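Hi there,

Here is the structure I promised to hand over. Have a look at it first, and then read my notes below.

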Amino acid sequence: MTVREGGYAVSDVTPPSAVTGPSWALARRTDGLSSALIGLYGWQRASVSRDVESNAFGPHSAVPCLHADTPGVHVTLVVLSGDAVHPSALRDAITVEVSRESVTITFPDGDHHTQPLPT
């Protein structure tokens, strides 16, 4: 079984640039609008899916994607921004703790969120 998650599509008159790294993918338009998908837990690989004439906002589109070969807990940071996006720095700045009962995400400012897992 393969699990796949996609981020926001970005489209442009030219093909958006695409970059992938360990458990992250980034697609960027020429004006700097960027879509990033950053695997924080459970993901094994990343890709960027491209298409032509499938998006109402431009002829070329790209969607960052994450993939895992097994089901389970997967934690993802989804980014859509006109500012510079640095996926590796974001991934390194966020802490994820997974237990049998919950997932806790801690952000760089110390704020955190705990999500109970189904029993």
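**What I found**

In the protein chain, the mean positions of the 7 positive and 12 negative charges lie 7 Å apart. Here Lys and Arg count as positive and Asp and Glu as negative, while His and the chain ends are not counted; each charge is placed at NZ of Lys, CZ of Arg, CG of Asp or CD of Glu.

A word on the source: this is a predicted model, where local features need pLDDT of at least 70, side-chain atom pairs count only at pLDDT 80 or more, and totals for chains, interfaces and linings use all residues. Residues are numbered from 1 along each chain as its sequence is written, and side-chain values use heavy atoms, leaving out hydrogens and water.

The protein chain has one helix and eleven strands (DSSP runs numbered from the N terminus: helices are H or I with at least four residues, strands E with at least two). From the N terminus, the order is β-β-β-β-β-β-β-β-α-β-β-β. The C-alpha atoms fill a box of roughly 45 × 35 × 25 Å along the principal axes.

Four strands form an open sheet in the order 3-4-5-8, with antiparallel pairing (two strands pair if DSSP finds at least two bridges between them). Its edge strands, strand 3 (17-21) and strand 8 (75-81), each pair on one side only.

Within this sheet, strand 4 (residues 24-28) and strand 5 (residues 34-41) run antiparallel and are joined by five bridges. Leucine 26 has alanine 36 in strand 5 as its bridge partner.

Enjoy exploring!
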